[in-house]
Amino acid sequence: MPERERSKIAALGTALILTLTTTAACGGGGDETAGGKVALTLGYYAEVGGPADGLMRKLVDQFTKANPGIEVKIESADYDQFYKRLRTQLAGGQAPDVWLSDGVLVQEFSGRNSLRDLTAYASDINPADYYGIDIIKKGDPRGRLFGFPQGAQSTALFYNKAIFAKAGVEPPTADWTYDDLLAAAKKLTQDTNGDGKTDIYGFRAYSPSFVESWWPMVKAFGGDVLADDGRIAIDSPQSRDALTWMNRAMHEEKVAPDPVTTEALGKSQILFPSGIVAMQFGIYARIQTAAQGKIDMGVVPLPKGPNGQRGDLANINSWVVNRASSEPKAAAAWKWIKFFAGEGPQAAWMSTGEAIPINKKVAQTPAFLNPGTPPTDRKPFTDALADADDIGLSPVWSEYTAAITKQVTSALSKQTGIEDALKTAQTDAQAVVDRFKPAG
């Protein structure tokens, strides 16, 4: 998910072998162990010893007990280490048979001919029962399914109930526009100790996690970042309007910290949990971070842009299957994927709080939508998923978004004019897209 700058939402620990013996190499070895079982290597990222890591291991144990003909070897590490190792393994033909991919990287792997097309496998499930399948397929030019949803992230407007109440400001609603957001932010911005410095900002406009900052704003104002035909589309009047709104909030009205101030205050993701900002755009996983700050928070849909658009975006982390793995391994991998998507595992995974359940039956239960902990109404996240666009999926997503982010950040820091920054972003990002040549 973007911002592993980005905050590494759900990282998952060092390797542990859950099976008695495994002799198969990752992706490239024999199909069976000495006991005649299919040897499946499963890779994922997670915080070492964290709740998600522990639960994943329990689910693997349940899976192997329910499928005695399959033996699973786990390969796991934190996010950065996992992907550094994975890319080396892919180059050497030693990658896991099935692994958890950040949703924005599925097209990187499929574009380099590393993934098995799961379209035929998925014929035995009803796509309408799960969130995210349509978004994953949209990322492929031919509409193929190269991953299956593991967890979903959509974005909502988080607000601090205590700060609103103390300032006497009415909480946000689903009818808010960007004018409403700015008006409320002005009332919420405060110098609480009279030293002439702002202690509470009304809104966090800038974040290196662009899915929680300028990207949904560009969409809400009617612009785009990557067009449906795969061309970069960031340089537009609508993008200029969105960035102009952000600069007004940060540099003129001073109701939101600018990029330099954001870093000085301790980086973007601690501002809301610390009570430094009253509102922020946040993906679902930010609930975990805010809960650590004991924030009594609420969430509502993103505000509406000039033409009523919200700019909803979603990232769908996915299970993917190694193209080099044999058919018996691929079939075993699909069994794991279907198992993880089932109601029981999904209800258990929901307890980690790291993502929206992709099984719609689980996501529509009171246990998810109306839990006893803030925010007590989580329906805005599932509503956003229904309308969300993907975040410009591409085999060179990391590279082209980096090119755009560099220029947008420069504009939001007032180092470069908005018009010049967008023109350069368009040129640089398009060059990245044009250089990519699909494998095979």
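Mentor: A nonpolar core is a set of buried Ala, Val, Leu, Ile, Met, Phe, Trp, Tyr and Cys residues joined through side-chain atoms within 4.5 Å. Please bear in mind that the model before us is predicted.

Trainee: Which residues touch the most other members of the largest nonpolar core?

Mentor: In soluble globular proteins, nonpolar side chains tend to be buried together. Here the largest such core holds 142 residues, and W214, M279, W336 and Y400 touch the most other members. The greatest contribution to this core, nine residues, comes from helix α11, which spans residues 327-341.

Trainee: With which residues is W214 in contact, beyond its neighbours within four places in sequence?

Mentor: Those partners are V225, I234, L243, M246, I404, T405, V408 and L412. For the chain, taking contacts with a separation of 6 or more, 74% join residues 24 or more positions apart.

Trainee: How many helices and strands does the chain have, and why is it described as compact?

Mentor: There are 17 helices and eight strands. The globule rule gives 22 Å for 440 residues, and the radius of gyration of the chain is 22 Å, so the chain is as compact as a globular protein of that length. Along the principal axes, its C-alpha atoms fill a box of roughly 75 × 50 × 35 Å.

Trainee: How far apart are the mean positions of the positive and negative charges?

Mentor: The chain carries 46 positive and 51 negative charges, and their mean positions lie 3 Å apart.

Conventions:
Residues are numbered from 1 along each chain as its sequence is written. This is a predicted model: local features need pLDDT of at least 70, side-chain atom pairs count only at pLDDT 80 or more; totals for chains, interfaces and linings use all residues. Side-chain values use heavy atoms; hydrogens and water are left out. Buried means under 20% relative accessible area, exposed over 50%, partly exposed in between (1.4 Å probe, protein chains only). Helices (H or I, at least four residues) and strands (E, at least two) are DSSP runs, numbered from the N terminus. Contact means heavy atoms within 4.5 Å. The radius of gyration is taken over C-alpha atoms; the globule rule is 2.2 Å times the number of residues to the power 0.38. Lys and Arg count as positive and Asp and Glu as negative; His and the chain ends are not counted. The place of a charge is taken as NZ of Lys, CZ of Arg, CG of Asp or CD of Glu.
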